Amino acid sequence: MRPVETVDDAAALCEPSRRPQVAALKRIHELWMMDQAFHDAYRANPARALAGTGLAVDPCAASILLMRRLPDGEEVPSASDELPETFVWYQAFLEGRVRNMQRARVSNLPDDPRFRDWSLRQLRRCA
């Protein structure tokens with residue numbers, strides 16, 4: 001097998017000065033997906049739910065990520081220069097993680113052609 005050519009440290013995918021904001025937005029997304037109480041609280045009162053987490057998160061970025069709308073209910077702008085910086089940073093972080101996972105899949109394939117074919121079949125089957 002060839003050595004893996006990925007960044008294992010997810011923090012390396014984000015500029016150091018942006019990490020706190022990206023991490024907070026990531027945590028809010030995790031709460032939205034995994035904590036029904038937070039999910040319900042956010043739907044009832046987004047500002048109070050975000051304040052209850054103790055995280056310093058951009059409410060506009062959180063609304064776009066969780067509700068696919070701006071806090072005032074308007075549509076999300078289509079131009080990326082109109083989106084909140086934190087949201088754009090978080091998107092770039094996620095894209096970097098996907099690229100690293102794809103690179104790891106290719107880097108970890110066996111050299112033996114028969115086993116390589118078998119591994120590719122398993123990857124496709126699981127996908």
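Glu30 and Arg27 meet through their side chains in a salt bridge, at 3.4 Å from N to O. This is a predicted model. Both residues sit in helix H1, three residues apart, or about one turn of the helix. Glu30 also has a salt bridge with Lys26, this one at 2.6 Å, N to O. Glu30 and Lys26 are four residues apart in H1, so about one helical turn separates them. That links Lys26, Arg27 and Glu30 in a network of salt bridges.

How exposed is this trio? Glu30 has 28% relative accessibility, so it counts as partly exposed. Lys26 is partly exposed too, at 26%, and so is Arg27, at 39%.

## The other salt bridge

The count comes to three salt bridges. Arg114 counts as exposed because its relative accessibility is 66%, while Asp112, at 33%, is partly exposed.

## The buried side of H1

H1 has its buried residues as well: Val22, Ala24, Leu25, Ile28, Leu31 and Trp32. They pack against H2, H3, H4 and H5.

## The core

The largest nonpolar core holds 22 residues, with Ile28, Phe38 and Tyr42 making the most contacts inside it. Helices H1, H2, H3, H4 and H5 each give two or more residues, and H1 gives the most, with six. Beyond its neighbours within four places in sequence, Ile28 touches Phe38, Leu50, Thr53, Leu55, Val57, Ala62 and Leu66.

Conventions:
Residues numbered from 1 in each chain as written. Predicted model: local features only at pLDDT ≥ 70, side-chain atom pairs only at ≥ 80, totals over all residues. Heavy atoms only, no water. Core = buried A, V, L, I, M, F, W, Y, C linked by side-chain atoms within 4.5 Å. Buried < 20%, exposed > 50% of the residue type's maximum accessible area, 1.4 Å probe, protein only. Contact = heavy atoms within 4.5 Å. Salt bridge = Lys/Arg side-chain N within 4 Å of Asp/Glu carboxyl O.
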